[in-house]
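Open the model in your viewer and keep the sequence panel beside it. The stops below go from one whole chain to single residues and then to the contact between chains.

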Amino acid sequence: MDVLVERLVAGSTEGAVYALIALSLVVVFRGTGTINFAQGEMALFTTFVAWSVIARDLPVWVALLVATASGFVLGALVERFLVRPVRKRNDMAVLIVLLGLFTVFNSLDGLIWGGETKVLASLLPNGPDDYVALGPARIYGDTAAVWIGTVLVLIALTVLFRCTRTGLHMRAVANDGEAAALAGVRVGRVLSLSWGLAGAIGSAAGVLVTPLAPAQLSLLTMLAIFLSAAAAALLGGLDSLVGAVVAGLSIGVLEALVIGYVPGVGSNLSETTVLVIIVLVLLVRPQGLFGTKKLERV
Amino acid sequence: MSAGYGAADVVHRISLDVAEGEIAVVLGANGAGKTTTLRAISGVLARSGVVQFDGRPMPTRPEDTVRVGLSMVPQGRGTLTELTVLENLLVGAAVRPRHEADADVEKWCGFFPVLGERREQKAGSLSGGEQQMLAIARALMARPRLVLLDEPSLGLAPIVVQRVFAALADINATDGTSMLIVEQNADLALRLARSAHVLEAGRLVASGAAADFLDDDRVRSAYLGGR
């Protein structure tokens with residue numbers, strides 16, 4: 001029983017991390033119809049920026065703000081000056097550009113901050129005694145920050161998409177860019193905003209997640225996280241916010257359970273096991289758990 | 001004006017006018033360049049030559065043409081299928097102040113009662129005729145002075161086509177909205193329109209009063225495939 005609770009807490013924390021990154025992927029996908037393969041590395045870059053801010057003796061929350069803001073600017077710039085010009089000619093080429101960015105940002109991190117592992121301070125108190133007991137499991141500050149962050153981002157995005165004019169225009173562009181433009185929606189502005197928003201979410205996630213990550217702050221921090229997050233976005237249906245969160249949490253918990261309960265396979269192949277399960281689910285539901293099935297009557 | 005895709009022009013140096021408050025129709029066979037013409041005017045496609053609106057040059061991007069008073073109902077409805085009827089109408093009001101949008105939603109839901117009944121339904125779940133009405137209402141939410149309609153009869157049952165055209169005549173009469181309609185259904189379009197233009201292989205081959213085209217059997221057989 002104790003193992004189960006401990007595994008569930010660990011799994012849902014890991015899952016909340018995937019969910020956050022998956023949310024940023026969904027925001028981009030809804031706007032541009034592309035998966036931003038560079039999202040994880042862009043987030044890692046701004047997390048290094050946050051580390052530099054903290055290294056100047058500024059509080060963690062200032063670093064979080066700086067990272068989030070620079071993530072927004074970075075995302076918007078990438079859309080405006082790399083994705084948009086290439087996309088006009090060829091959608092496939094966008095994927096190549098994004099894969100290129102993936103390596104560019106990683107190399108840039110190494111160039112600026114060096115290869116050695118760093119420790120990023122947690123936003124909430126994270127000492128050995130800073131925990132809330134949940135049955136046999138202990139929730140530390142870094143865990144709580146990730147949970148709270150995910151919930152806040154999900155709420156904010158839902159309000160944005162459901163209740164604001166800007167959100168309506170973002171959904172219109174996602175549905176049919178040309179029809180939206182004809183109605184007067186400034187499509188370019190909406191896309192830059194989507195990418196900026198995704199960049200901001202990814203960056204905030206990076207700062208919240210790194211204290212928890214097994215690799216701490218290093219060039220490898222985001223790799224495994226991004227793979228699972230991309231799987232979560234896919235499993236959730238790519239265009240669904242709720243889907244990203246549910247799928248992210250499921251994958252996190254599943255991984256944790258496999259590690260805890262399946263001897264041998266667990267420690268080495270937990271991610272593989274989960275990916276196999278995802279492939280099986282997608283065979284049955286190609287549109288993902290919450291993805292919209294294109295419906296159209298002629 | 002000329003326009004096309006890439007290096008090849010599909011429409012060659014055509015010239016036509018739409019007078020204030022009138023309905024004009026562009027006829028022609030498949031591939032004559034009718035759709036290209038409308039898409040070039042609204043700025044979806046690049047064009048060369050001169051397009052003027054109210055004596056001023058027409059902007060070259062769809063986001064901007066709608067701001068000077070031009071709306072387009074693209075071929076195949078162009079509704080936002082994943083959004084509800086109400087959301088479609090609100091997107092149509094993107095260029096208008098927020099507080100005016102609600103009143104116009106009520107106006108068009110009253111004019112097309114079927115839209116009012118289905119305002120929370122996704123546009124993609126509507127029938128073809130209902131989607132066409134929604135596309136028209138959405139275009140009108142921008143309070144345009146000129147509406148371009150690309151084959152509003154496409155894929156609709158004859159009785160529904162009648163209803164759509166009657167609505168267009170009604171809107172033109174009450175609000176004085178000018179319209180430029182591209183159609184394959186020549187008879188119906190000529191009855192609705194005041195002036196008519198015929199495109200053939202990307203060139204304008206005839207222009208005149210719509211009534212003359214209806215009466216003139218030679219014109220009909222030459223350009224419209226007769227009956």
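In what order do the elements of chain A run from the N terminus on? The order is α-α-α-α-β-β-α-α-α-α-α-α-α, which amounts to eleven helices and two strands. Helices here are DSSP runs of H or I with at least four residues, strands are runs of E with at least two, and both are numbered from the N terminus.

Before going on, note that this is a predicted model: local features need pLDDT of at least 70, side-chain atom pairs count only at pLDDT 80 or more, and totals for chains, interfaces and linings use all residues. Residues are numbered from 1 along each chain as its sequence is written, while chains are lettered from A and ligands numbered from 1 in the order in which they are written.

**Chain A as a whole**

Select chain A. Its radius of gyration is 19 Å, close to the 19 Å that the globule rule gives for 298 residues, so chain A is as compact as a globular protein of that length. The radius is taken over C-alpha atoms, and the rule is 2.2 Å times the number of residues to the power 0.38. Along the principal axes, the C-alpha atoms fill a box of roughly 60 × 50 × 35 Å. Of the 298 residues, 50% count as buried. Buried means 20 or more other C-beta atoms within 10 Å of the residue's own, exposed means 12 or fewer, and partly exposed lies in between, with C-beta atoms placed from the backbone.

**Helix 5 of chain A**

Select residues 141–163 of chain A. At 1.5 Å a residue, these 23 residues should span 33 Å, and the end C-alpha atoms are 32 Å apart, which agrees. The expected span is 1.5 Å times one less than the number of residues. Now colour the buried residues of helix 5, among them D142(A), V146(A), G149(A), V153(A) and L157(A). The buried residues pack against helix 1 (2–32), strand 2 (137–140), helix 8 (187–209) and helix 10 of chain A.

Go to S250(A), in helix 10 (residues 241–261) of chain A. S250(A) counts as buried because it has 23 C-beta neighbours inside 10 Å.

Next, select A232(A). Which residues is A232(A) in contact with, leaving aside its neighbours within four places in sequence? They are Y18(A), A19(A), A22(A), A244(A), A247(A), G248(A) and I251(A); contact means C-beta atoms, placed from the backbone, within 7 Å. In the largest nonpolar core, of 160 residues, A22(A), L23(A), A232(A) and V25(B) touch the most other members. Such a core is a set of buried Ala, Val, Leu, Ile, Met, Phe, Trp, Tyr and Cys residues joined through C-beta atoms within 7 Å. Helix 1 of chain A gives the most to this core, with 15 residues.

**Where the chains touch**

Show both chains. The contact takes 22 residues from chain A and 27 residues from chain B. On the chain A side, helix 6 (165–175) and helix 7 (177–182) each supply at least two residues, and helix 6 gives the largest share, six residues. The predictor gives the complex an ipTM of 0.89 and a pTM of 0.87.

**Helix 3 of chain B**

Finish at L86(B), in helix 3 of chain B. L86(B) is partly exposed, with 17 other C-beta atoms within 10 Å. Leaving aside neighbours within four places in sequence, L86(B) is in contact with V105(B), R119(B) and E120(B).

Key:
Two residues are in contact if their C-beta atoms, placed from the backbone, lie within 7 Å.
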